[in-house]
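These are my notebook entries on one structure. I looked up selected side chains, the strand pairing, a helix and a pocket, and I recorded each in turn.

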Amino acid sequence: MSGHLDIVQAGPGLSLQDLGRPGFRAQGLTIGGAADPVALYEGAAILGQSANLAALEMAGSGGAFRVSVDMRIALTGAEMAANIDGDPLIWNASHLLPAGATLTIGGARNGSYGYLHVGGGFDTSPQMGSRSSHLSAGLGRALQAGDSLPLGQDGTGQTGMTLTPVTRFGGGAVRVVASMQTASFSPDTRDRFTQTEFVRDARANRMGVRMDQPGEGFTTEGQLTIVSEVIVPGDIQITGDGAPFVLMYECQTTGGYPRIGTVIPCDLPRVAQAQTGAAIRFEFVEMAEAIALQTRFLAELKALPSKVTPLVRDPANIRDLLGYQLISGAVSAQANPFEEEN
């Protein structure tokens, strides 16, 4: 039975996102899609459905939501305080959201982007093969209070399932490969780049993330004469003030700033989920190693459904305790189990 999800309150960065629109770069449109696509695979694994279904992306904070029918939900990405009518929920797990109940999701605790998944996904009309909002291209829009989203048809599935998230929160080491202008930077500059502990700047969005650093910025000879050329998500542009700027999935398709390197795809979610002030270091890897790392990463995503386990919960905190099958079968209190029947 399908229904709709009503947005009662909306955080400033609420949008509908899926895995994006590949194949339109020649027409000037980057892939877009979820800032942290890993979270889509995790939510799909927990709910037992396709990762191609859209979810609500919550940048920094969530909102309040109601559904018109009983609905399975899952919460992934940056952990946020969440509750149903005041009863707290566990993150990285699936739950039943009863019809008419209010799901409230607060601010992010350990990252930047959280995701709300629903069983069956959202049944909005695709644009150019995707339900994602690509805000910089004018496809879709940010969601707001009063919006109502149609729900897809949910198959049979369980709630009370959980999954240990893929490691990508809190900053850390980010691996890069050489880009078009890497060789234009002096060896000393490249060494200083890899030895610098950057801090994720507050100036960040779905187009890119600025990195701040102590000391002087980074420059290369002839950077003002570079002709605009194709750029891709993960490229690290050195802007006019010498600060690195990591391009994300909604970046433009061409640019003229020099690129000191390119973040490999499997590490880009780590950049997206680094909260303001998180420390990040960049390290160069050879292309062969980058391909091996990406291949292993894709295999891990494919294997996520096999890692989903039942959520062990304290019965005192289960609001729908009577809905669980706590006893399987029955025995007699008087019969001797060791006595043979005649």
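I looked up the polar contacts of S132 and found that its side chain makes one with the side chain of Q17, at 3.2 Å. A second polar contact, of 2.6 Å, joins the side chains of S132 and D18. I took a polar contact as a pair of N or O atoms within 3.5 Å; within protein, one must be able to donate a hydrogen and the other to accept it, and residues adjacent in sequence count only if both atoms are side-chain atoms.

I note that this is a predicted model, in which local features need pLDDT of at least 70 and side-chain atom pairs count only at pLDDT 80 or more, while totals for chains, interfaces and linings use all residues. Residues are numbered from 1 along each chain as its sequence is written, and side-chain values use heavy atoms, with hydrogens and water left out.

I placed S132 in the loop between β10 (113-118) and β11 (148-150). Helices (H or I, at least four residues) and strands (E, at least two) are DSSP runs, numbered from the N terminus. S132 is buried, because its relative accessible area is 2%; buried means under 20%, exposed over 50%, and partly exposed in between (1.4 Å probe, protein chains only). Leaving aside residues up to four places away in sequence, I found S132 in contact (heavy atoms within 4.5 Å) with L16, Q17, D18, G20, R21, G33 and L139.

I then turned to Q273, which lies in helix α3. Q273 has a relative accessible area of 0% and is therefore buried. Its side chain reaches the backbone oxygen of Y113 at 2.8 Å. Beyond four places in sequence, Q273 touches residues including D36, N110, Y113, R168 and F169.

Next I examined the sheets, where two strands pair if DSSP finds at least two bridges between them. An open sheet of 6 strands has the order β7-β6-β9-β4-β1-β11, with antiparallel pairing. β7 (87-88) and β11 stand at the edges with a single partner strand each, so one side of each has no neighbour in the sheet. Within this sheet, 5 bridges join β1 (residues 4-10) to β4 (residues 61-67), and D6 has R66 as its bridge partner in β4.

I also followed β13 (residues 172-177), which runs parallel to β21 (residues 279-284) and is joined to it by 5 bridges. A173 stands opposite R281 in β21. β13 is joined by 2 bridges to β20 (residues 259-263), and these two run antiparallel; here V177 stands opposite T262.

For helix α1 (residues 37-47), I recorded 10 of its 11 residues as buried. Among them are P37, L40, E42 and L47. G48 follows α1 and has a positive phi, near 70°.

I then looked up the largest pocket, whose volume is about 410 Å³. Of its 27 lining residues, L19, I31, P37, Y249 and P265 are the closest to its centre. The elements giving two or more residues to the lining are α1, α3 (268-273) and α4 (287-302), and α4 provides the largest share, 4 residues. On a 1 Å grid over the protein atoms alone, a pocket is an open set of points where a 1.4 Å probe fits, with protein on both sides within 12 Å along at least five of seven lines; lining residues have an atom within 4 Å of a point. Grid points are joined across faces, edges and corners, and the volume is the space filled by probe spheres set on the points.
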